[in-house]
Amino acid sequence: MDKVTLVGVYMTYVNKSGEIPALADVHLNVKAEEFVSLLGPSGCGKSTVLSLIAGMLRPTRGQILIDGEPVAGTSPKIGYMLQHDHLLEWRNIRHNVYLGLEVRGLADKEHCRHADELLIRYGLGGFMNRYPSELSGGMRQRAALARTLALEPEVVLLDEPFSALDYQTRLLLEEEVATILKQERKTVILVTHDIAEAIAMSDRIIVLSARPGTVKAEYTIKLSGKNDSPFAARQAPEFREYFREIWSVLEESHAAAR
Amino acid sequence: MQQPVKKNVRFYSRWFRRGAVSEAHGEYLERIRKREMLIVSYQVLIGLMFLVFWEVGARVGWIDPFITSQPSKVVDTIVGLFHSGKLWIHIWTTVWETTVGFILGTVGGSLIAVLLWWSKWVADILEPYIVILNSVPKVALGPVFIVWLGSGTPAILMMALSISVIVTVMMVFNGFNEVNPDTIKLMQSFGATRQQILTKVVLPATFPTMIAALKVNLGLSLVGTIVGEFLVSKEGLGYLIVYGGQVFNMSLVMASVIILCIVAALLYYAVTVLEKRLIHWK
């Protein structure tokens, strides 16, 4: 059975001047432990898809299922990581990581110890009592990952979590995050506008059209010698082939959007 | 050929350059430390010149000390107040009225802001009234408070409170609305209730704004208290100023104003210390 399913999903935003169709007839199936990326021109409703799966928005039409059950509000099965880390500056790193646990009423000894272990595993053991302003961008995003995974979600939604980082940090963090999520056997949906990042990290890429977003193309990524390492994936001979193909499809959407 | 200039010729250079790690660093330190010292010197000089001109002017007859008083008489007055034991009573009255006023104003204003944040309905409905109340000069309501609360301390506290509460509402409510919507989105993804969003994100994020409001309110409450004391009291620095004016004792007026300046500065300093203690993460 699919982990996440979208069936004929439409999403239309309304405001005073009228309606803005964001998504139109989106179908999507994500298998358990699969890593799927959503690529598309900006404003195509990629992030809307994540908000819908997270249960923070209701679709105008269509159905969203997790483990075959319709989404009704936020679910503990879903972990959401945003573009910025949104660490609370008045809490030290440890208590930032406890935030989700506190909200869910799970901040007991066992869960907190698990959260501490995650921080140690992600190389932040020595920074637990530091404040976010004392950490680098990469460290902050790792802390945000620990905050997400402390809640032990089955599905992790990544909304351009690397886009605010410098290039080198970005490559290193991609590698770490991919490894961690594979080890933890999470189902992952990544939203990005970085084609190379999508190819390097994903099992499958869904390309969305310009607004209103709909599934335009789909690629199953098979790279020789990838071994779940985005860095190795970038060296694979097939990488450029995928890049060229996805680039041309995206350019069509981009031209249509202009 | 020009001789290389011998460094550190002046005996004070070494003192200015203390802690330098290199020649260039030493020159830099000397430059900025000299500048700092010059600035402080000018600040002191301006104050001293003012006092000297005031005193000498009054003695020589350039200005009329009956209208302007003079520093020596002001000092005499303060010493006299101190010996009569009344000085502390007046200072204490003004300080506690102001403190109660600005704390009530800040806390009350923040509570109202929470209410407005909680219900967008209430916020939108009350908006024009808040704007109107903000533009009313609260001092003009003094007589109203006296009629309602009697001519005593409650009316003074009400003045101090009313002058600071609306500003606080506006400052803190704006602060609430400036909290990053994505941080709230993150909380919602955890399934947070509105109360959890308020207590775990919105209030702590706006805490620095509340401290800033506290600083603004300190000055405003002092105005409210002094005006209140002008109108009704028998104690306090505002009373001393108005009494001094009525009996044409300008030394008493000037002495009270100077004490008021010192009290205001000390209160402001206290709030700054509090701020450093409370906002420890920056």
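Predicted model: local features only at pLDDT ≥ 70, side-chain atom pairs only at ≥ 80, totals over all residues.
Visitor: What makes up chain B, helices or strands?
Guide: Chain B has 12 helices and zero strands. Along the sequence, its pattern is α-α-α-α-α-α-α-α-α-α-α-α.

Visitor: Why is chain B called more spread out than a compact globule?
Guide: For 282 residues the globule rule gives 19 Å, and the radius of gyration of chain B is 26 Å, well over that value, so chain B is more spread out than a compact globule. Along the principal axes, the C-alpha atoms of chain B fill a box of roughly 80 × 65 × 30 Å.

Visitor: Which domains does the assignment give for chain B?
Guide: It gives domain 1 (13-60) and domain 2 (73-278). The C-alpha centres of these two domains of chain B lie 36 Å apart.

Visitor: How do you know that the span of helix H8 of chain B agrees with its number of residues?
Guide: Helix H8 of chain B covers residues 153-177, which is 25 residues. At 1.5 Å a residue they should span 36 Å, and the end C-alpha atoms are 36 Å apart, so the two values agree. H8(B) also has a kink of about 25°, centred on Val165(B).

Visitor: Why is H8(B) described as largely enclosed by the rest of the structure?
Guide: A residue is buried if 20 or more other C-beta atoms lie within 10 Å of its own. In H8(B), 19 of the 25 residues are buried, so this helix is largely enclosed. In chain B, buried residues make up 32% of the 282 residues.

Visitor: What makes Asp76(B) partly exposed?
Guide: The class lies between exposed, at 12 or fewer neighbours, and buried, at 20 or more. Asp76(B) has 13 C-beta neighbours inside 10 Å, so it counts as partly exposed. Asp76(B) lies in helix H4 (residues 71-84) of chain B. Its C-alpha atom is separated by 8.7 Å from that of Ser251(B), 175 residues apart along the chain.

Visitor: Where do the buried residues of H9(B) pack?
Guide: In helix H9 (residues 181-189) of chain B, the buried residues are Leu186(B), Met187(B), Gln188(B) and Ser189(B). They pack against strand E6 (78-81) and H3 of chain A, together with helix H10 (194-232) of chain B. Just after H9(B), Gly191(B) takes a positive phi of about 80°.

Visitor: How many residues of chain A are in contact with chain B?
Guide: On chain A, 15 residues are in contact with 16 residues of chain B. Helix H3 (residues 99-104) of chain A gives the largest share of the chain A side, four residues. That side divides into nine nonpolar, four polar and two charged residues.

Methods: Residues numbered from 1 in each chain as written. Chains lettered and ligands numbered in written order. Helix = DSSP H or I, 4+ residues; strand = E, 2+ residues; numbered from the N terminus. Expected span 1.5 Å × (residues − 1). Bend = angle between axes of the 7 residues up to and from the residue. Contact = placed C-beta atoms within 7 Å. Nonpolar A, V, L, I, M, F, W, Y, C, P; charged D, E, K, R; others polar. Domains from an automatic or database assignment. Rg over C-alpha atoms; globule rule 2.2 N^0.38 Å.
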